[in-house]
Amino acid sequence: MSSEFWLISAPGDKENLQALERMNTVTSKSNLSHNTKFAIPDFKVGTLDSLVGLSDELGKLDIFAESLIKKMAQSVVEVMEDAKGRVHENLLANGVDLTSFVTRFEWDMAKYPAKQPLVVIVDTLAKQLAQIEIDLKTRTAAYSTLKGNLENLERRSSGNLFTRTLVDIVNKEDFVLDSEYLITLLVIVPKPNYSQWQKRYESLSDMVVPRSTKLLAEDDEGGLFTVTMFRRVIDDFKVKARENKFIVREFFYDEKEIKTEREEMTKLLSEKKQQYGPLLRWLKVNFSEAFIAWIHIKALRVFVESVLRYGLPVNFQAVLLQPHKKATKRLREVLNSVFKHLDEVAAASILDASVDIPGLQLNNQDYFPYVYFHIDLSLLD
């Protein structure tokens with residue numbers, strides 16, 4: 001089965017109920033789709049003018065809701081980082097997987113009472129989704145900043161010896177500190193030149209302390225060595241070192257600074273851990289809320305379009321089809337054939353895309369003789 005659904009409706013009179021039966025028979029025999037009835041309550045219709053306005057508003061709300069749940073699904077992926085394989089466990093609606101929720105959809109009368117005017121229900125849904133979006137931005141921004149700061153620190157720990165932070169490499173004991181005359185420098189020596197360094201470093205300049213070199217760390221290209229000398233020969237030593245392909249790394253041991261950097265890393269890791277659980281829980285709960293709201297919007301769209309298309313009194317049957325993979329083209333042909341009597345002009349124009357449908361501003365590919373809405377559950381593609 002594919003992860004898409006087609007939500008359609010046809011008038012509820014005898015002729016069209018027979019057409020729906022024909023559709024069910026053909027799609028089942030030819031293995032084109034799995035079909036289930038989609039129950040929609042009897043809403044207060046109001047005026048046709050207000051329905052036209054609502055139709056437009058619901059279209060925009062539908063797009064907004066889908067975009068919001070995709071953002072939330074993406075946020076779950078980003079937060080879960082190392083456990084990406086378990087993302088779908090957190091993308092549920094009312095505790096069940098999304099396909100099960102859609103196929104067993106029931107209108108939530110407690111949250112969205114059907115006795116209320118449609119405009120009130122739509123307003124409730126719009127406000128609910130707008131609030132979720134505001135909260136999502138605030139929460140994910142705070143987490144992203146924290147994660148970014150941590151990544152910057154981690155990047156500084158994983159560069160080469162020329163650029164990386166040295167706080168996790170050097171110790172107080174590696175340096176001569178608080179001396180008026182002596183200073184310890186750090187020198188990066190290419191791996192092939194280690195023996196050359198050991199032979200030459202004491203004679204690169206006057207006043208280099210003998211046997212003062214020690215290898216502190218290595219990467220793929222070279223090693224970081226200490227060397228101690230009198231302060232007044234620093235410049236001369238740097239020039240001679242460079243001539244021999246030994247590079248002095250500018251670094252002065254500052255215990256306070258090193259302690260601060262180490263503490264910052266620990267603090268950021270701790271904060272990330274503290275924020276991870278609550279943020280993931282919030283995303284899980286509110287993804288569910290937003291997804292449920294989205295499917296209620298689809299139900300409202302079917303109701304409004306069915307009344308506008310098929311007229312009053314309200315009498316239509318909604319059906320949810322889950323097309324089989326690679327069967328969508330054939331399924332569309334079956335539906336157009338079964339329901340072409342509902343709108344001969346539309347049915348003809350589907351075969352001939354150059355024909356304009358009078359009074360409709362829609363692209364022809366979006367218009368069919370029956371009411372049709374698309375639900376795509378591949379939210380992470």
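Guide: Contact means heavy atoms within 4.5 Å. This is a predicted model. By that cut-off, Leu380 touches Ala73, Gln74, Val77, Val87, His88 and Leu91, leaving out residues up to four places away in sequence.

Visitor: Where is Leu380 found?

Guide: Leu380 lies in the segment after strand S8, which covers residues 371-376.

Visitor: Why is Leu380 called partly exposed?

Guide: Its relative accessible area is 28%. Buried means under 20%, and exposed means over 50%. Leu380 falls in between, so it is partly exposed.

Visitor: What makes Asn244 buried?

Guide: The relative accessible area of Asn244 is 15%. The cut-off is under 20%, so Asn244 counts as buried.

Visitor: Where is Asn244, and which residues is Asn244 in contact with?

Guide: Asn244 sits in the loop between helix H6 (234-243) and strand S6 (247-249). Setting aside neighbours within four places in sequence, Asn244 contacts Asn193, Gln196, Arg200 and Leu204.

Visitor: Why are H2 and H4 called roughly parallel?

Guide: Two packed helices are described by the angle between their axes and the distance between the axes. For helix H2 (residues 48-80) and helix H4 (residues 118-158), the angle is about 25° and the axes are 10 Å apart. Angles under 35 degrees count as roughly parallel. H2 and H4 are therefore roughly parallel to each other.

Visitor: Is the crossing of H2 and H4 left-handed or right-handed?

Guide: H2 passes H4 in a left-handed crossing. By class, their contact has 19 nonpolar, two polar and five charged residues.

Visitor: How many helices and strands are in the protein?

Guide: The protein has nine helices and eight strands.

Visitor: How do you know that the protein is more spread out than a compact globule?

Guide: Set its radius of gyration against the globule rule. The radius is 34 Å. For 381 residues, the rule gives 21 Å. The value is well over the rule, so the protein is more spread out than a compact globule. Its C-alpha atoms fill a box of roughly 105 × 40 × 35 Å along the principal axes.

Visitor: What share of the residues is buried?

Guide: Buried residues make up 47% of the 381.

Visitor: What percentage of contacts join residues at least 24 apart?

Guide: Take contacts between residues at least 6 apart in sequence; of these, 81% join residues at least 24 apart.

Methods
Residues numbered from 1 in each chain as written. Predicted model: local features only at pLDDT ≥ 70, side-chain atom pairs only at ≥ 80, totals over all residues. Heavy atoms only, no water. Axes fitted to C-alpha atoms, helices over the stretch in contact; angles between N-to-C directions. Helix = DSSP H or I, 4+ residues; strand = E, 2+ residues; numbered from the N terminus. Parallel < 35°, antiparallel > 145°, perpendicular 65-115°, else oblique. Left-handed = near helix turned anticlockwise from the far one by under 90°. Nonpolar A, V, L, I, M, F, W, Y, C, P; charged D, E, K, R; others polar. Rg over C-alpha atoms; globule rule 2.2 N^0.38 Å. Buried < 20%, exposed > 50% of the residue type's maximum accessible area, 1.4 Å probe, protein only.
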